[in-house]
Amino acid sequence: MVTVMNTPPVVTSLSLNSASINENDSVTLVGHFADPTSIDSHTVSITWGEGLPITVVNLPPGLRTFQVVHQYLDDVPTHTPLDSSLIQVAVTDSQGGVGGNSTNIVVNNVAPVIPVDGISGPVGPIALGVAALVTATFNDVGSLDTHTCTFSWGDGTADDVVALVGTGNTSCAASHPYAGPGIYQVTTTVEDDDTGTVSRPFDFVVVYDPDGGFVTGGGFIDSPRGAYQPDPTLTGKANFSFVSKYKKGAKIPTGNTQFHFKAASVNFHSSNYEWLVVAGAKAQFKGSGKVNGHFGSDGVSGYGFLLTATDGQRAGGGGVDKFRIKVVDKATDTVVYDNNTSGSDDIDAANPQEISGGSIVIHTKKHTKKQTKR
């Protein structure tokens, strides 16, 4: 009697179409094995190294190669930017003989993405004491990731951290009451469970105090080179006058703003205001108007303006009155005039220009008249 022993298969090679992929992408595994018994059929079992069910492929007699596509939904374990997963392959012949081999693949975490329009907040100014609600909408190709949102409110207070429970979340929100009037940039950061982060600001939350005073000004500046965008070479004297205040119980300020830059034949006149913020020695207000009697390049949209002023005689004012006006063609979002093109729209970083004559006054209930500059 002759006993014929089965010879188990031998996995001779395993190859991947890529050694590294991003989460949610797929990889193709190709394997070859040898088996001297031509009549054996085979079962290929593949463990992908991420805790998901084993992939099983049944091969007919004579076939000694296999090709399998697998999608990695996440890099495993969590809290790492990438992970190496061990792919283990076992080939079993129809007589119970087993051969095996293994290879590795690196799976990279992909950070979440906040679209350009993914942050929303108050569309207009909010009164002091009203909480600002900010919402972030985001995307993440890592469908198994969980996320945490951090809201930084721009006023020096502690951040709000919102932990989202479970997978599949695409938005988060938080609200915050501000202790004082001002213009605040809110930054939202979304972090996934594998250290991927993305941040996007919301410009701006405007908080006003209807009882916080008002601002008036009149005088002139020496318009610097580059201020008038259509012809940056023009310089010279530019006159301004303005008043902006909240009437009792009103949510929108009233007043009038005029700005005349003679060298450029530019005469801006406000037609409406949107909001006013008075914060210590600083004031800022926004609105729309006409330039030389025209409503912008399309004749309809008008010119938007943002005026920032400093009362130098108030605490923190530095002893010098300052003025800045930014005028924008709303139809094209093109800056027409700005006497500090490097300044931010944020009231604290606007860096207005020292006036050459006149006076700017922030009025309060206990206001004392100040000397006009010469």
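1. A pocket, as the word is used here, is an open set of points on a 1 Å grid over the protein atoms alone, with protein on both sides within 12 Å along at least five of seven lines. By that definition, and bearing in mind that this is a predicted model, the second largest pocket has a volume of about 210 Å³. Its lining is made up of 12 residues, and those closest to its centre are Pro-210, Asp-211, Gly-212, Gly-213 and Phe-214. By class, the residues of this lining comprise three nonpolar, four polar and five charged.

2. The largest pocket holds about 640 Å³ of space. Among the 24 residues that line the largest pocket, Glu-274, Trp-275, Lys-286, Leu-306 and Asp-345 are the closest to its centre. Two or more lining residues come from each of strand 16 (197-208), strand 20 (266-279), strand 21 (282-291), strand 22 (303-310) and strand 23. The lining of the largest pocket divides into 12 nonpolar, five polar and seven charged residues.

3. Lys-326 itself belongs to strand 23, which covers residues 322-329. Apart from neighbours within four places in sequence, Lys-326 is in contact with Gly-304, Phe-305, Leu-306, Val-335, Tyr-337, Asp-338 and Asp-345.

4. Strand 23 is joined by four bridges to strand 24 (residues 334-338), and the two run antiparallel. Within this pairing, Val-328 has Val-335 of strand 24 opposite it. The two strands form a hairpin with four residues between them, and in that turn Asp-333 has a positive phi of about 55°.

5. Tyr-337, one of the contacts of Lys-326, can also be placed relative to Asp-231: the C-alpha atoms of Asp-231 and Tyr-337 are separated by 9.9 Å, although the two residues are 106 residues apart along the chain. Asp-231 is found in the loop between strand 17 (214-223) and strand 18 (236-245). The side chain of Asp-231 makes a polar contact of 2.6 Å with that of Thr-233. Is Asp-231 buried, partly exposed or exposed? Asp-231 counts as partly exposed because its relative accessible area is 27%, and that class lies between the limits of 20% and 50%.

6. Elsewhere, three strands make up an open sheet in the order 9-11-14, with antiparallel pairing. Strand 9 (119-120) and strand 14 (171-176) stand at the edges with a single partner strand each, so one side of each has no neighbour in the sheet.

7. Asn-109 sits in the loop between strand 8 (98-108) and strand 9. Asn-109 counts as buried because its relative accessibility is 13%, and the cut-off for that class is under 20%. The side chain of Asn-109 is joined to that of Asp-192 by a polar contact of 3.0 Å. Beyond neighbours within four places in sequence, the residues in contact with Asn-109 include Glu-23, Asp-75, Thr-80, Asp-145, Asp-192 and Asp-194.

8. Some backbone values deserve a look in the model. Most residues other than glycine have a negative phi, and most peptide bonds are trans. The peptide bond from Val-76 to Pro-77 is cis, with omega near 5°, and Pro-77 lies in the loop between strand 6 (65-71) and strand 7 (82-93). The bond from Asp-203 to Phe-204 is also cis, with omega near -15°, and Phe-204 belongs to strand 16.

9. Two asparagines come under the heading of phi. Asn-292, in the loop between strand 21 and strand 22, has a positive phi near 55°; this residue is partly exposed, with a relative accessible area of 40%. Asn-351, in the loop between strand 24 and strand 25 (353-354), likewise has a positive phi, of about 55°, without being a glycine.

Definitions and conventions
Residues numbered from 1 in each chain as written. Predicted model: local features only at pLDDT ≥ 70, side-chain atom pairs only at ≥ 80, totals over all residues. Heavy atoms only, no water. Contact = heavy atoms within 4.5 Å. Buried < 20%, exposed > 50% of the residue type's maximum accessible area, 1.4 Å probe, protein only. Polar contact = N/O pair within 3.5 Å; in protein donor to acceptor, adjacent residues only side chain to side chain. Pairing = 2+ DSSP bridges. 1 Å grid on protein atoms, 1.4 Å probe; cavity = no way out; pocket = protein on both sides within 12 Å on 5 of 7 lines; lining within 4 Å. Points joined across faces, edges and corners; volume = space filled by probe spheres on them. Nonpolar A, V, L, I, M, F, W, Y, C, P; charged D, E, K, R; others polar.
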